[in-house]
Amino acid sequence: AALCERIGVPVAIVPVSRLAFKVTTPEDLDLAEAILRARREKGEAGMGRVGIGFDAHPLTEGRELRLGGVVVAHTKGLEGHSDGDVLLHALTDAVLGAAGLGSIGDHFPPSDPAWRGADSARFVERARELAAGKGLVVGNVDAVVIAEAPRIAPHAARIRERVAGLLRIDAGAVSIRGTSTNGLGFLGREEGIAANVIVLLVSNPE
């Protein structure tokens, strides 16, 4: 850095974790191994923690359809105590599950009038905050919406951006896909919509 300054090259100090040290001597390696060992004992292994979420709601007349925090044009909406957003409900459950923090029903019970008609984005944001309290952040999301109609593909980009914003991660770390049951069951009869979500939580690098 001093040599760069001597020849006029700008030098800046970038704040980083004190644990991001350079391994040079055998003692440095011993220290790095001790830190990793302590993290494993605390359940912070480098592989991360995986959570799975699932939700399904019936379709009903007179409600707008919300999926992934986005209003999707359709003849019916999803019935539910909140806004019925199955994708955000499944996402909330996946984050909470990966962090070992229970389920969406534990934190936002449908018996509580405070959540009547609530925007499900609040559930996702709270789950993210709770996970952050344990030193965990979302690494990536893979979500599948199961519905005969509407088609998810035309709305996937908007949903991906919305979900990424709620989780405060890059949109490239979010996958949103749609599928159908080929006419089988209540989903195939267009009586409802379901969602499966898998979330990877990793240790907060900060």
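A definition to begin: buried means under 20% relative accessible area, exposed means over 50%, and partly exposed is in between, with a 1.4 Å probe and protein chains only. This is a predicted model, so local features need pLDDT of at least 70, side-chain atom pairs count only at pLDDT 80 or more, and totals for chains, interfaces and linings use all residues. Residues are numbered from 1 along each chain as its sequence is written, and side-chain values use heavy atoms, with hydrogens and water left out.

With a relative accessible area of 40%, E190 is partly exposed. Its place is the loop between α7 and β7. Those element names come from DSSP runs: helices are H or I with at least four residues, strands are E with at least two, and both are numbered from the N terminus. E190 is not a glycine, yet its phi is positive, near 60°.

N182 also has a positive phi, about 55°, and is not a glycine either. Find N182 in the loop between β6 and α7, which spans 185–188. N182 is exposed, because its relative accessibility is 70%.

The peptide bond from A149 to P150 is cis, with omega near 0°. P150 sits in the loop between β5 and α6.

Now the sheet. In what order do the five strands of the open sheet run? The order is β4-β1-β7-β5-β6, and the pairing is mixed.

Let's go through some pairs. β1, residues 49–60, runs antiparallel to β7, residues 192–203, and ten bridges join them. R49 has L201 in β7 as its bridge partner. On to β5, residues 136–146: β5 pairs with β7 in the antiparallel sense, again over ten bridges. There, A143 stands opposite V197 of β7. β1 and β4 are antiparallel too, paired over two bridges. L59 has L78 in β4 as its bridge partner.

Next, helices on the sheet. Contact means heavy atoms within 4.5 Å. Axes are lines fitted to C-alpha atoms, for helices over the stretch in contact, and angles run from 0 to 180 degrees between N-to-C directions. Helix α3, residues 86–99, lies across β1, β4, β5, β6 and β7. It runs at about 155° to β1. Helix α6, residues 156–167, packs on the sheet and touches β5 and β6. The direction of α6 makes about 140° with that of β6.

How do α5 and α6 meet? They pack at an angle of about 40°, with axes 9 Å apart. That makes α5 and α6 oblique to each other: angles under 35 degrees count as roughly parallel, over 145 as roughly antiparallel, 65 to 115 as roughly perpendicular, and the rest as oblique. On the α5 side are A121, V124, E125 and R128, meeting R162, L166 and L167 of α6.

Now the interior. A nonpolar core is a set of buried Ala, Val, Leu, Ile, Met, Phe, Trp, Tyr and Cys residues joined through side-chain atoms within 4.5 Å. The largest such core has 43 residues. L67, L91, V141, L167, I193, V197 and V199 have the most contacts inside it. Helix α3 supplies the largest share of this core, ten residues. Look at V199: beyond residues up to four places away in sequence, V199 touches several others, including R49, L91, V95 and V141. A second, separate core has five residues, among them I104, F108, W115 and F123.

S120 lies in the loop between α4 (104–107) and α5 (121–132). S120 is buried, because its relative accessible area is 0%. Leaving aside neighbours within four places in sequence, S120 is in contact with S82, D83, D85, L88 and H89.

Last stop, E27. E27 belongs to helix α2, residues 26–41. E27 is exposed, with a relative accessible area of 56%. E27 and I104 are 77 residues apart along the chain, and their C-alpha atoms are separated by 46 Å.

Terms used. Pairing = 2+ DSSP bridges.
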